[in-house]
Amino acid sequence: YNLTKLTGEALCLALNNETVRIARLSNVTDVNPKSHLFLPTIVRNALEKRSIDLSLTPDSAKDYILLEDVVDALVKIARGGAHRIYNVASG
């Protein structure tokens with residue numbers, strides 16, 4: 001997966017086209033109470049069971065961004081981006 005991402009970025013940067021942009025996304029999530037993905041499951045369990053079991057080490061960390069915010073950011077980058085690479089929802 002990482003090699004594929006890096007290869008895609010290298011191909012984009014190799015193009016002689018300054019309008020080509022790279023958007024590096026964090027973990028994209030949406031408000032979907034039926035989803036079995038990590039974050040919606042944590043929220044659902046907190047609401048239903050009144051407990052949160054992360055099953056992660058304390059030093060673990062992830063960035064999340066809502067799908068709606070991703071779409072908004074990508075439109076802004078496409079229409080008026082001044083840089084070639086964007087870290088969307090990083091850190």
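A residue is called buried when its relative accessible area is under 20% and exposed when that area is over 50%. The legends below apply these terms to a predicted model.

View 1. Val70, Ala73 and Ile77 are the buried residues shown in H3. Viewed down the axis of H3, the buried residues fall within an arc of 70°, so they line one face of the helix. Glu68, Lys76, Ala78, Arg79 and Gly80 are exposed on the other side of H3.

**View 2. Helix H2, residues 38-49.** H2 has twelve residues, and the distance from its first C-alpha to its last is 16 Å, close to the 16 Å expected at 1.5 Å a residue. Within H2, the residues Pro40, Ile42 and Arg44 are buried. Strand E2 (27-29) is included in what covers the buried residues of H2. Arginine 50 follows H2 and has a positive phi, near 60°.

**View 3. Surroundings of the phenylalanine 38 ring.** Lysine 62 lies over the face of phenylalanine 38, at 6.0 Å from the ring centre. A pair of aromatic rings is described by the distance of the centres and the angle of the planes. With ring centres required to lie within 6.5 Å, the count of aromatic pairs comes to zero.

Definitions and conventions:
Residues are numbered from 1 along each chain as its sequence is written. This is a predicted model: local features need pLDDT of at least 70, side-chain atom pairs count only at pLDDT 80 or more; totals for chains, interfaces and linings use all residues. Side-chain values use heavy atoms; hydrogens and water are left out. Helices (H or I, at least four residues) and strands (E, at least two) are DSSP runs, numbered from the N terminus. The expected span of a helix is 1.5 Å times one less than its number of residues. Buried means under 20% relative accessible area, exposed over 50%, partly exposed in between (1.4 Å probe, protein chains only). Contact means heavy atoms within 4.5 Å. Rings of Phe, Tyr and Trp (its six-membered ring) pair if their centres lie within 6.5 Å; planes under 30 degrees apart count as stacked, over 60 as edge-to-face and the rest as tilted. A charge sits over a ring if NZ of Lys or CZ of Arg is within 6 Å of the ring centre and within 35 degrees of the ring normal. The arc is that of the directions from the helix axis to the C-beta atoms.
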